[in-house]
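Colleague: Could you walk me through reading the contacts in a model like this one? I would like the general idea each time, and then the case at hand.

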Amino acid sequence: MQPMALWKRVLILLICAWGIVGALPNAFYGPVEGHNDAVAAIEKAGGVATPEQEAALAQWPEWLPSSLMNLGLDLRGGAHLLAEVKVEDVYKARMDALWPEVRDAMRDLRDQVGAVRRAPSPEGVLRVTISNPDGMPAALDAVRALGTSVVSLTGVGQSTIDVTSEGNDLVVQLSDAEKVATDSRTIQQSLEIIRRRVDEVGTREPTIQRQGEDRVLIQVPGIGSAAELKALIGTTAKLTFNAVVRQTTDASADPGPRNLLLPAMNETGVYYVVEETPVVSGEDLVDAQPAFDQNNRPAVNFRFDGTGARAFGDYTAANIGAPFAIVLDNEVISAPVIQSHIPGGSGIITGNFTVEESTQLAVLLRAGALPAEMRFLEERTIGPELGADSIAAGRIAAMIGMVCVMAYMIASYGLFGVFSCVALAVNIFLLVAMMSLIGATLTLPGIAGIVLTMGMAVDANVLIYERIREELRAGMTPGRAIEVGFQRAFSAITDSNVTAILTALIMFWIGSGAVRGFAVTLIFGIITSMFTAVYLTRLIIETWLNRKRPKTIQV
C-alpha cells in the first residue's frame with residue numbers, strides 16, 4: 001500500500017486535534033456540582049455562566065479555542081412574537097408630507113385655482129379643495145407632476161400617486177404599485193430596526209423574519225418573557241420636535257386644524273397643543289447616549305445630522321423665548337423655552353427618568369423609529385425547563401444512535417469497524433467545533449441532524465469496506481486491496497455526499513426556523529463525515545497495516 005504523504009498525515013492530525021480542542025469548551029461550560037442540570041444546560045448554550053462555571057472556565061487556557069454553540073429558542077427558552085405592521089400609518093405619513101408640496105405647487109397657479117385648503121379625508125388620502133373649479137385641469141397637471149418626479153421601486157418616471165378630481169376637490173393617494181413598494185420597504189425597515197434594537201442589548205441569534213404580506217415573526221432565545229421583548233421592540237420610539245401653540249388642562253380641548261393635543265409624560269392633567277408637522281424628527285438623529293443633566297439626573301444626549309442641525313438651528317434662532325416640545329410617541333417629554341440660538345445640532349432630553357429608562361430610550365433612539373405601529377397577534381414565553389428536557393432527550397437519542405451504529409460496524413467489520421468507530425467519535429467533535437467556530441445555532445431539529453449524521457457518517461466506510469472485500473476475493477494482497485478499495489469507492493462517496501449537500505443547501509435557502517436548523521447541522525455533518533470516513537479512516541488503517549504487516553486481513 002502506497003504510504004500517505006507526510007504533510008497529509010500532519011494536516012489530518014492537526015484538523016482532528018483542532019476539532020477535539022474546539023469542541024471541549026462546550027463540555028467545559030456544562031453542569032457543575034451543586035447546580036440544577038436544566039439551568040446549567042441553558043447557561044451553557046447561551047454563554048452566560050454562573051460564578052462557579054466562570055471559575056471552572058478560568059482553568060481553560062486562553063490561547064485555546066473557547067467558542068460555544070448557541071442554542072435556539074426551542075432549546076434555550078425565550079420569547080416568541082408574531083406582529084402585524086400597520087402599513088396604513090405610512091400611507092398617512094406620506095400624504096401628510098405631500099401636502100406642503102401640493103400647496104407650494106398651487107401657489108404659482110393661484111390666479112387659476114383660487115384659494116387652496118386641505119379638506120378632511122380618510123387616512124392615506126389627501127383631499128385638497130380649490131375655490132375655482134375652472135382651474136382643475138391645471139391643478140391636476142401640477143400635482144401629477146409631483147408624482148412623476150419621484151424615482152421609486154415602481155420605476156423611473158412612473159407615477160407614485162393617483163390624482164383624481166371630485167367636484168372642487170383634488171383627491172391624491174398612493175398608486176397601487178407604489179403601495180406594494182411601500183409595503184415592502186416598510187416591512188424591510190421594520191425588520192432592520194427590530195434587529196438593531198434586539199442586537200443593542202446583546203441578545204444572541206434572534207430569528208426575525210417576514211411572514212406573509214404584513215407580518216413579522218420575532219423569536220429571541222434567552223430573554224425572560226414575551227412582555228420584556230414587547231417592551232424592547234413594541235415601542236415606536238418616534239421622536240419629534242414640535243412648535244408649541246399653547247398649554248392647557250382640558251383633555252377635550254379642540255387643537256384646531258393641523259395641530260395635535262398631546263399629554264405631558266410627567267405632568268398629570270397637563271396637555272400641549274403642538275403643530276402636527278414637526279420642525280425636526282428622530283430620523284435626523286445620528287447619535288443618542290444616556291447621560292446626566294446639570295442636576296445629576298438621568299437624561300439622554302442627542303445629536304442631529306447636518307440637515308437636522310440646520311433646521312434645528314434656524315428654528316431656535318427665529319423663535320427665542322418660545323416653548324419647544326420634545327415629543328416621544330405622542331407624549332410630550334418636556335417643553336423647554338428656547339433661551340438662545342442652538343447652532344451645534346446637539347442637545348439633551350431631560351425628564352423624570354431612571355437610569356434604566358434613559359438607557360433604554362437611548363437604545364431606541366439610536367436604533368431608529370419603527371416606520372409604522374405594530375399590533376401583536378401572538379405572543380409566547382418558552383421556559384428554559386422545556387429546552388432542558390429537549391436537550392436531555394436529544395442527548396439520549398444521540399447516545400443510543402451512536403451505540404447502535406458502533407455495534408453494527410464492529411459486528412459487521414470487526415477491527416475495521418473499530419477504526420470506523422474512532423473516526424465517528426472524531427467526526428462528532430469536528431461537527432461541534434465547526435458549529436462553535438461560526439456561532440451556528442443548535443435547535444431541536446439540529447439535534448436530529450446530528451443523529452442522522454452519525455448514521456450517514458459510516459455510509460462511506462461501508463462502501464469502502466465492501467469494495468476492499470471484493471478486491472480481496474479477487475486475490476489482491478491486503479495492502480493493495482485497501483488502496484484500491486479507497487480509490488474506487490471515492491467517486492461514489494463524493495457523488496452521494498455532494499447531492500446530499502445540495503439538498504441541504506436548498507433546504508437552508510428556502511426554509512426557515514426548524515428546517516434551517518436541520519439543514520445547518522446536516523451540511524456540516526456531511527462535510528466532517530467525508531473527511532473522517534475517507535481520510536482519517538485511511539490514516540488509521542494505513543498506520544495499523546504498516547505496524548502489523550498482516551499476511552491476510554478479515555474485513
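Modeller: Happy to! Let's start with the rings: Phe241, Phe304, Phe312, Tyr315 and Phe324 form one aromatic cluster. Keep in mind throughout that this is a predicted model.

Colleague: How many aromatic pairs does a search of the whole structure find?

Modeller: The search gives 12 aromatic pairs for the whole structure.

Colleague: And which charged residue lies over the face of tyrosine 91?

Modeller: That is lysine 179, at 5.6 Å from the ring centre of tyrosine 91. Another case involves arginine 538, whose charged end sits over the ring of phenylalanine 486, 5.7 Å from the centre of that ring.

Colleague: Let's go on to salt bridges. How many are found in the whole structure?

Modeller: There are 19 salt bridges. One of them links arginine 258 with aspartate 96, with the closest N and O atoms 3.8 Å apart. The cut-off is 4 Å between a side-chain nitrogen and a carboxyl oxygen, so the pair counts.

Colleague: Why does the pair of arginine 258 and aspartate 96 tie together parts that are apart in sequence?

Modeller: Look at where each residue lies. Arginine 258 is in the loop between β9 (239-248) and β10 (259-263), while aspartate 96 belongs to helix α5 (residues 88-107), so the bridge ties together parts 162 residues apart in sequence. Arginine 258 itself is partly exposed, at 37% relative accessible area.

Colleague: What about salt bridges inside a helix?

Modeller: The general idea comes from the helix repeat. An α-helix has 3.6 residues a turn, so residues three or four places apart point the same way. In this structure, glutamate 466 and arginine 469 are three residues apart in helix α15 (residues 459-473), about one turn of the helix. Their side chains meet in a salt bridge, 3.1 Å from N to O. Glutamate 466 is partly exposed, with a relative accessible area of 30%, and arginine 469 is also partly exposed, with 22%.

Colleague: Which residue forms a salt bridge with arginine 480?

Modeller: Its partner is glutamate 483, and the N to O distance is 3.7 Å. Arginine 480 and glutamate 483 are both in helix α16 (residues 478-510), three residues apart, which again is about one helical turn.

Colleague: Is glutamate 483 buried or exposed?

Modeller: Glutamate 483 is buried, with a relative accessible area of 8%, whereas arginine 480 counts as partly exposed at 40%. Elsewhere, salt bridges that share partners join Lys92, Asp96, Arg118, Arg258 and Glu276 into one network.

Colleague: How do I read which side of a helix is buried? Take α9: which of its residues are buried?

Modeller: In helix α9 (residues 226-233), the buried residues are Ala226, Leu229, Leu232 and Ile233. They lie on the same side of α9 because they cover an arc of only 120° around the axis.

Colleague: Last topic: sheets. What should I look for?

Modeller: Strands of a sheet pair through backbone hydrogen bonds, either parallel or antiparallel.

Colleague: How many bridges join β13 to β14?

Modeller: Seven bridges connect β13 with the antiparallel strand β14 (residues 298-304). For an example to find on screen, alanine 288 has phenylalanine 302 in β14 as its bridge partner.

How values were computed. Residues numbered from 1 in each chain as written. Predicted model: local features only at pLDDT ≥ 70, side-chain atom pairs only at ≥ 80, totals over all residues. Heavy atoms only, no water. Buried < 20%, exposed > 50% of the residue type's maximum accessible area, 1.4 Å probe, protein only. Helix = DSSP H or I, 4+ residues; strand = E, 2+ residues; numbered from the N terminus. Arc of directions from axis to C-beta. Phe/Tyr/Trp six-rings, centres within 6.5 Å; stacked < 30°, edge-to-face > 60°. Lys NZ or Arg CZ within 6 Å of the ring centre and 35° of its normal. Pairing = 2+ DSSP bridges.
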